[in-house]
2 protein chains.
Amino acid sequence: MKVLAILYKGGQSAKEEPRLLGTIENKLGLEEWLKGLGHELVVLAGGTSDDLYPRCRYLTRDLIEKAKNLKLCITAGVGSDHVDLNAAVDHRIQVLEVSGSNVVSVAEHVVMSILLLVRNFVPAHEMIERGDWQVSDIARNAFDLEGKVVGTIGAGRIGYRVLQRLKPFDCKELLYYDYAPLPPAAAEAVGARKVDDLKEFVSQCDVVTVNCPLHEGTRGLVNAELLKHFKKGAWLVNTARGAICDKDDVAAAVKSGQLNGYAGDVWNVQPAPRDHVWRTVKNPLGAGNGMVPHYSGTTLDAQARYAAGTRSILENYLNGKPQEAQNIIVGLGKYETKAYGQR
Amino acid sequence: MKVLAILYKGGQSAKEEPRLLGTIENKLGLEEWLKGLGHELVVLAGGTSDDLYPRCRYLTRDLIEKAKNLKLCITAGVGSDHVDLNAAVDHRIQVLEVSGSNVVSVAEHVVMSILLLVRNFVPAHEMIERGDWQVSDIARNAFDLEGKVVGTIGAGRIGYRVLQRLKPFDCKELLYYDYAPLPPAAAEAVGARKVDDLKEFVSQCDVVTVNCPLHEGTRGLVNAELLKHFKKGAWLVNTARGAICDKDDVAAAVKSGQLNGYAGDVWNVQPAPRDHVWRTVKNPLGAGNGMVPHYSGTTLDAQARYAAGTRSILENYLNGKPQEAQNIIVGLGKYETKAYGQR
């Protein structure tokens, strides 16, 4: 068998830190094992500033039709929107994820991002770094999370973990918007209420966090029209996929103060161009930007989990064993999940 | 009566934002009310870069002995180490705090600071701001909070709220060090274990957070000797008082990598001098600094609470009503709390 791994370039960091498993240098820790079994591992760079990125990362219908021997696509992590899933169904190519490998990592990043926007951390740290000290310039836009209404678009594996972590912060209310209601016991455990209408949902939230997959139904979901229905000065956190939020509409909302801030690690194009507006957009008080590169799900702890999970999926495949149900996005010729907008 | 309020200069921000109540401009919202009762409010600047700060903020024995009419000291917030409490006892001056007015604000800041150190947020955001994108340079020092051991020095009103908020993060263990054990039900609710020996305590922690008052017994508590007992690469968060951590010893530990990072909002001198080492110290990977000016307890939500609480203490005093027990640090001629190191 030939296994193709599209990973990101780790450079010097990957040479110095062997726990950076998801890099072309450290190859998910799979090389020796596959070689020992007589298989071949081919590694391509699909991340950072490498120009292969746009060519290889997206598995389009066209590419799938050309890949006559392709049997199995594994996402070393969670989020399979880089594969044309309908084409995979048509060509009986299985698509699997390492479900759960980085959901906690992302949920933690969401809670961190909410706190640092609401509490106005970035301008406060920058003030210290540049040698200043003007408490009131920071405090005038710093709030507590306690007493605020926080809502998640999507209450799946990540969104629900966000709600669990927010529970003891004594928010005024926790809300969620999703096609499927949470099981009653799960909803009660976190004290979350479902709102069925998206505009009504965002109009009640001080903080909105996006935790749904990207598909035809969610692309550009947070746009100028929806942003009009947000509370004035709400905060928005998106660690799901950049394209769920309209780049220019979100930037305009931050600039005008309609949003008090925007944070997250996902971008409509990755790596983000140097002049991407989300890198530098600020609210009228010069604050409200908590953006980072796409790394929330790729902490060293997550890399250990998704490398092990990728190996386990490969082992099952090579040994003809069944895959764990929760990892299957597309089975042989059919969807096994509704999470990507399928009915 | 003459009421002296030592507040911080809010400048333009305070003029534009009336909710900045803790400023010399907005006077805790007390001026009209006191005037209406025939009392006089005098306001002095005790914060920011004003040169009155070192002169007025600290109520020394010398000042207390000169202040023949002084009856009552109120901290508009929590933390009365700026008063010579022994002198207040000797001179039958009551010292009160607005207990609980900003404990949630500070506890939230602690959890935020832990997350942003462990997850390596600051270098990630700075990378985005300057136009770069190198995921592995960030990921190599980014971890999940899940599975880590977190310990608080002090499990009082703030420390306990930190433990409550950390509970759903599935830390490997939550520890605390305190002179008093938590009530069994409270300890069980957060799943926290008391460690009696401080060196043993820090040696078990991936993250140490300082949530105890500053007094003779805690000044310089975290120094080179104690830092030797920390796990290599642990993170330290201090939002209690700057002087509990030795400035140069902590900086040296970050610089060497013995600490992976240091964050918090309190400084041994406030405002921090422009060249204070905590402003810019970094770990060997150029990360690990989450410092901000002293504002965690002075969010707009906290300012509303401590302004209301200050007024309530004044009302009780003026009307001869008893004070709420939890607000009294020094009663008439005696300590009413052990929190400042008294036995």
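## Salt bridges and polar contacts

In this predicted model, the side chains of A:R305 and B:D144 form a salt bridge, with 2.8 Å from N to O. Across the interface of chain A and chain B, 16 salt bridges are found. Polar contacts between chain A and chain B number 43 residue pairs, counting pairs with both residues at pLDDT 80 or more.

Several elements of chain A each supply at least two residues of the side that touches chain B. They are helix 1 (11-16), helix 6 (103-118), helix 7 (121-129), helix 8 (135-139), helix 9 (157-166), strand 11 (289-291) and helix 14 (300-318). The residues on this side of chain A comprise 30 nonpolar, 20 polar and 22 charged.

## Extent of the interface

Chain A brings 72 residues to the contact, and chain B brings 72 residues. About 6300 Å² is buried between chain A and chain B, and carbon and sulfur atoms give 57% of that area. A:R119, A:W133 and A:R140 supply 13% of the area that chain A buries against chain B, more than any other three residues.

## Relation of the two chains

## Annotated domain

An unreviewed UniProt entry lists residues 112-283 of chain A as "domain: D-isomer specific 2-hydroxyacid dehydrogenase NAD-binding". Over residues 112-283, chain A is 34% helix and 16% strand. The end C-alpha atoms of this stretch are 19 Å apart.

## Backbone details

The peptide bond joining A:Q270 and A:P271 is cis, with omega about -5 degrees. A:P271 is in the loop between strand 10 (259-264) and strand 11 of chain A. In chain B, a cis peptide bond runs from B:Q270 to B:P271, with omega near -5 degrees. B:P271 is in the loop between strand 10 (259-264) and strand 11 (289-291) of chain B.

A:K27 is a residue other than glycine with a positive phi, near 50 degrees. The loop that holds A:K27 lies between helix 1 and helix 2 (31-36) of chain A.

Definitions and conventions:
Residues are numbered from 1 along each chain as its sequence is written. Chains are lettered from A and ligands numbered from 1 in the order in which they are written. This is a predicted model: local features need pLDDT of at least 70, side-chain atom pairs count only at pLDDT 80 or more; totals for chains, interfaces and linings use all residues. Side-chain values use heavy atoms; hydrogens and water are left out. Contact means heavy atoms within 4.5 Å. Buried area is the accessible area (1.4 Å probe) that two parts lose on being put together, summed over both. A salt bridge is a side-chain nitrogen of Lys or Arg within 4 Å of a carboxyl oxygen of Asp or Glu. A polar contact is a pair of N or O atoms within 3.5 Å; within protein, one must be able to donate a hydrogen and the other to accept it, and residues adjacent in sequence count only if both atoms are side-chain atoms. Helices (H or I, at least four residues) and strands (E, at least two) are DSSP runs, numbered from the N terminus. Ala, Val, Leu, Ile, Met, Phe, Trp, Tyr, Cys and Pro count as nonpolar, Asp, Glu, Lys and Arg as charged, and the others, Gly among them, as polar. UniProt positions are given in the numbering used here, feature names are shortened, and annotations may be inferred rather than shown by experiment.
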